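Good morning, everyone, and thank you for making time for this. I would like to walk through one chain with you, and I will give each cut-off as it comes up.

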Amino acid sequence: MNTYSTTKNYDSEFCGSIPLNFINLIQPHGMMMVVNKEMEIIQLSENVEQLLGISPEQIVGKKFNSILKEEDLEGFEQKIQRRKTYDNVPHVLHLKGTEETLRFTVVIHFHEQYFLLELEPLKEVTSDITFISAYQDIKNIIAILQQSKGLKEFGKLAAEEIRSYSGFDRVMIYKFDEQWNGSVIAEAQDGSLESYLDLKFPASDIPKQARQLYFKTPYRIIPDVNFTPVKLYPIVNSITKGFTDISDCTLRSVPPVHIEYLNNMKVHASMSTPIIVDGKLWGLISCHHNTPKHVPFETRYAFEVLSGLISSQLASHEREERLLHMSKRRELELDLIDLVHKGKELNSSIFTNSDTILDLFGAGGIAMVLGNDYHHRGEVPSEKQTQELVKWLRIFNKDKVFATRSLVAHLKVAEAYKNIGSGLLAIQFSHSPLGFLLLFRPEIVHTVKWGGNPNDAINFEDDKQKYHPRNSFKQWQEKVEFTSMPWEEELIGVSKTLRTVMLEKMLIDLQE
């Protein structure tokens, strides 16, 4: 077990700076073509030779319709013209190889100067019955999830149903916190893989740029983590004069460090789908498998539907919680307005009712500094320490309402009174004379369970350029000190109202 003083930021600026969308490599389970507005192929993946039996050199510069079966041409051109309707929607095309015509699914990505095609071979005939079956499965899963009560039960059912439908060995519901660390809040698996339920993972595991790409692709799939990447030919896009932006593409290759990460997890195939709530990345549906696993299109698009459902259900749960918080906040505001206006002066209004205020804010102590006047109730730092804190707030903090659960992270000397003041909610209600109302919360020492040591998340080699992920995901515990319970969002809102009421009270006192 390790002990540290404050909550550390484990996000990685280094990993987040790697241009994942310009890597110029794809996974080999499909091929890619870049077609200009005249429908000439200007770039394609080198594995076209394995799939169609034609070398890249032979195809570049030719019209796309030269390899397209004639009866598909009209429908394909209509899809190109109706780009808004067909963007990212898969279609089936027949492409002519040297020996036979092969069926491919194609997803068209529309760029300003060119079209980018992702093509995957269809080895089996997909019948209407398969799609009907997939539709029925989705309907059943939706019906089950809609019966759940609360986030915990919802997450558990979602993981179980998705695993049952997809056949993955392990399915996890992964939630991000405010610092982009992730926690596994639900898990379903067959026991063949290590359990990560309730463990936390550092933000560097899914760095900033990787998180941003989840807004561009409905899912991220790696059928075989030990694949050999395929290059694009030619290397440079003749239109952009650089690497082609493949950020929208699910065929996009995977950085070696992530492959190493999955191998360290003993995972051989993975698929992840974003959970987006109110336009923000809330978390992921993360799936792992012991062996390479091909996931058919029906399953992938079912994941899209389920991801949308889960996102909407989570949004609904959070809206309900917000409504409850808003209702509670309004009650607090009305109580405080009444309390402040009852007293003859501001300080008597506050401290006559200090027990009520402490209870409402869940604080252990309250202090008020107004010029040379000082009042307090409950457990607070000494008057000298409080005056030093006020000086620091006046100089370094520009917010009228300042809240932190770890004052030591901002002010080192606060370590001296961590037992009573690890958490601070400070309301500046006057400039002249300087006035602050301070609410303190005590230290709550707690343990965070991590999936491996987060301090070893990124390990650089001697050249400081090459780096590796941690090789162990066994539970690693970290003891967190100098932190209090977090200040709830509704209390921050109530504090702003309290500040306004205190200003009004001061003006009334001056006039009387």
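Let me begin with accessibility: a residue is called buried when its relative accessible area is under 20%, exposed when it is over 50%, and partly exposed in between, using a 1.4 Å probe and the protein chains only. What we have here is a predicted model, in which local features need pLDDT of at least 70 and side-chain atom pairs count only at pLDDT 80 or more, while totals for chains, interfaces and linings use all residues. Residues are numbered from 1 along each chain as its sequence is written, and side-chain values use heavy atoms, with hydrogens and water left out.

First, the chain as a whole. It has 512 residues, of which 49% are buried, and its secondary structure comes to 15 helices and 23 strands, where helices (H or I, at least four residues) and strands (E, at least two) are DSSP runs numbered from the N terminus. If we take contacts with a separation of 6 or more, 66% of them are between residues 24 or more positions apart, a contact being heavy atoms within 4.5 Å. The chain exposes about 25,100 Å², and carbon and sulfur atoms supply 51% of that area; accessible areas come from the Shrake-Rupley method with a 1.4 Å probe, and for residues only the protein chains shown count as cover.

Now to the salt bridges. Side chains of opposite charge can pair when their charged atoms come close, and the rule used here asks for a side-chain nitrogen of Lys or Arg within 4 Å of a carboxyl oxygen of Asp or Glu. By that rule the count is nine. In one of them, E120 and R300 meet at 2.7 Å, N to O. Because E120 lies in strand 7 (residues 114–121) and R300 in helix 10 (residues 297–342), this pair ties together parts that are 180 residues apart in sequence, and both E120 and R300 are buried.

A second pair is K156 with E160, whose closest N and O atoms are 2.7 Å apart. These two sit four residues apart in helix 7 (residues 150–166), and are therefore separated by about one helical turn. K156 is partly exposed at 48% relative accessible area, and E160 is partly exposed at 32%.

A further salt bridge joins D177 and K200, at 3.3 Å from N to O. This pair links distant parts of the chain, with D177 in the loop between strand 8 (170–176) and strand 9 (182–189), and K200 in strand 10 (residues 200–201), 23 residues apart. D177, at 22% relative accessibility, counts as partly exposed.

Let me turn to helix 13. Helix 13 covers residues 383–396, which makes 14 residues, and reaches 20 Å from its first C-alpha to its last, close to the 20 Å expected at 1.5 Å a residue; the expected span is 1.5 Å times one less than the number of residues. Its buried residues are T386, L389, V390, W392 and L393. Seen down the axis of helix 13, they fall within an arc of 160 degrees, so they line one face of the helix, the arc being that of the directions from the helix axis to the C-beta atoms. Against which elements do the buried residues of helix 13 pack? They pack against strand 15 (365–370), strand 16 (373–378), strand 17 (401–404), strand 18 (423–430) and strand 19 (435–441). The face turned away from the buried side carries the exposed residues K384 and K391.

Strand 15 also holds L370, which touches F429, S430, P433, L434, G435 and M506, not counting residues up to four places away in sequence. P433 itself lies in the loop between strand 18 and strand 19, and the peptide bond from S432 to P433 is cis, with omega near 0 degrees.

I will finish with the backbone of another loop. Most residues other than glycine have a negative phi, and most peptide bonds are trans. In the loop between strand 12 and helix 9 we find P234, joined to Y233 by a cis peptide bond with omega about -10 degrees. K241 lies in the loop between strand 12 and helix 9 as well, its phi is positive, near 60 degrees, and at 65% relative accessibility K241 counts as exposed.
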